[in-house]
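Here are some exercises to work through with the model open in your viewer. Try each task yourself before reading its solution.

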Amino acid sequence: MSGLPVTEHFRRAFGYYGDAASHYLGYPVLVLLGLAALVMVIGWVRGRRPSAYESALWALLFAAWVLIFTVPAGMSARYLVPLVAPVFLLLAHSLCVWSRAAAGRPVWIGGVIGLGVLLTSLVTTGQWMPRDKNVHGYSAAVNAMVATLPAQPDVANDAWLVCSDARGEGALIAAAAFDAQVRQRPSLRVLRSTKELASMDWLGRDYTPAFDTETALLEHLTKKSVSYVVIDEGVPEAGRMPYYAQLKRALEQSGSGWLLSHSLPVVRGREQGKLLVYHREHYP
């Protein structure tokens, strides 16, 4: 849901997925894949047509790349998962073909080489061992809000608002759902800024702000009985919707009735930033 034009998404995706592919697949795999593509192109120029099996794998790989490069649905390394199967099947096929072509050497030699490349990539990228998703800070924000909530809420339907992207919204909602004290407050709701502060389609297009002024936004927070607002500044600025700035201006303007109570570190994989927690003045 990036809402970027296709050309801008392509420009950013080129750098992002290039870095992600080297990080998660490893340079040995990418070098061999490039070599396989070069051999295929040279063979095509010389009149050697690839087999139906090889053609299907290249078509699948190409289609997946086109999809993630042209559909502005945000950028995430998980979108590389559909590429893993065709990449390794192509490498296995290419190594077997090259083994047969190299003075008639047995196919198993290509298998040994392929296994060595795979193990080298696993070691160099660290993908051979379980990895922490390295997403931290959202539970601390929930704990900070819970610690300052009154024993008995003043309103029947208390609410929090999280301003983040889909990843951050989900992380904070999950942290709240797993908190024992939050579960004891059945009236507490966690609202998403993507639903409350704007309207857009799934790809982030047709963005329309829900409020023309900061005053109207603050009135909406009161109407929804929002007692806490969390703004996730761990989201890169390029990925922030316009309501980020509008919400922050509204909360920090004079006489808004909101105070910044916490500024907590947040880690989102290789992204870092702050979680800004605001609360109404009538809360302690």
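## Exercises on a predicted model

L67 counts as exposed, because its relative accessibility is 51% and the cut-off for exposed is over 50%. Keep in mind throughout that this is a predicted model.

**Exercise 1. Place L67 in the fold, and find how far its C-alpha atom is from that of Y79.**

Step 1: Look up the element. L67 belongs to helix α3, which covers residues 52-70.

Step 2: Compare sequence and space. L67 and Y79 are 12 residues apart along the chain, and their C-alpha atoms are 9.6 Å apart.

**Exercise 2. Describe how helix α1 and α3 cross, and say what kinds of residues make up their contact.**

Step 1: Take the axes. Helix α1 (residues 6-24) and α3 have axes that come within 7 Å and cross at roughly 120°.

Step 2: Classify the angle. Roughly perpendicular ends at 115 degrees and roughly antiparallel begins over 145, so α1 is oblique to α3.

Step 3: List the partners. From α1 come V6, H9, F10, A13, F14 and Y17, and they meet W65, I68, F69 and T70 of α3.

Step 4: Sort them. The contact holds 8 nonpolar residues, 2 polar and no charged.

**Exercise 3. Repeat the analysis for helix α10 and helix α11.**

Step 1: Helix α10 spans residues 214-223 and helix α11 spans residues 243-252; their axes lie 9 Å apart, at an angle of about 80°.

Step 2: The range 65 to 115 degrees counts as roughly perpendicular, so α10 is roughly perpendicular to α11.

Step 3: On the α10 side, E214, L217, L218 and L221 take part, meeting Q246, L247, R249, A250 and L251 on the α11 side.

Step 4: These residues divide into 6 nonpolar, 1 polar and 2 charged.

**Exercise 4. Is F211 buried or exposed, and which residues surround it?**

Step 1: Find F211 in the loop that runs between β5 (208-209) and α10.

Step 2: Apply the cut-off. Buried means under 20% relative accessible area, so F211, at 13%, counts as buried.

Step 3: Look for its contacts. Setting aside neighbours within four places in sequence, F211 touches E196, L197, A216, L217, H220 and Q246.

Step 4: Check one of these partners. E196 is 15 residues from F211 along the chain, and the two C-alpha atoms are separated by 9.7 Å.

**Exercise 5. Which residues of the largest nonpolar core touch the most other members, and which elements supply it?**

Step 1: Begin with a general expectation: nonpolar side chains tend to be buried together in soluble globular proteins.

Step 2: Trace the suppliers. At least two residues each come from β2 (159-163), α10, β6 (226-232), α11 and β8 (271-280). The most come from α11, which gives 5 residues.

Step 3: Zoom in on V229. Not counting residues up to four places away in sequence, V229 touches L161, L221, L247, L251, W258, L276, V277 and Y278.

Step 4: Look for another core. A second, separate one has 21 residues, including A13, Y17, A36 and V87.

Conventions. Residues are numbered from 1 along each chain as its sequence is written. This is a predicted model: local features need pLDDT of at least 70, side-chain atom pairs count only at pLDDT 80 or more; totals for chains, interfaces and linings use all residues. Side-chain values use heavy atoms; hydrogens and water are left out. Axes are lines fitted to C-alpha atoms, for helices over the stretch in contact, and angles run from 0 to 180 degrees between N-to-C directions. Helices (H or I, at least four residues) and strands (E, at least two) are DSSP runs, numbered from the N terminus. Angles under 35 degrees count as roughly parallel, over 145 as roughly antiparallel, 65 to 115 as roughly perpendicular and the rest as oblique. Contact means heavy atoms within 4.5 Å. Ala, Val, Leu, Ile, Met, Phe, Trp, Tyr, Cys and Pro count as nonpolar, Asp, Glu, Lys and Arg as charged, and the others, Gly among them, as polar. A nonpolar core is a set of buried Ala, Val, Leu, Ile, Met, Phe, Trp, Tyr and Cys residues joined through side-chain atoms within 4.5 Å. Buried means under 20% relative accessible area, exposed over 50%, partly exposed in between (1.4 Å probe, protein chains only).
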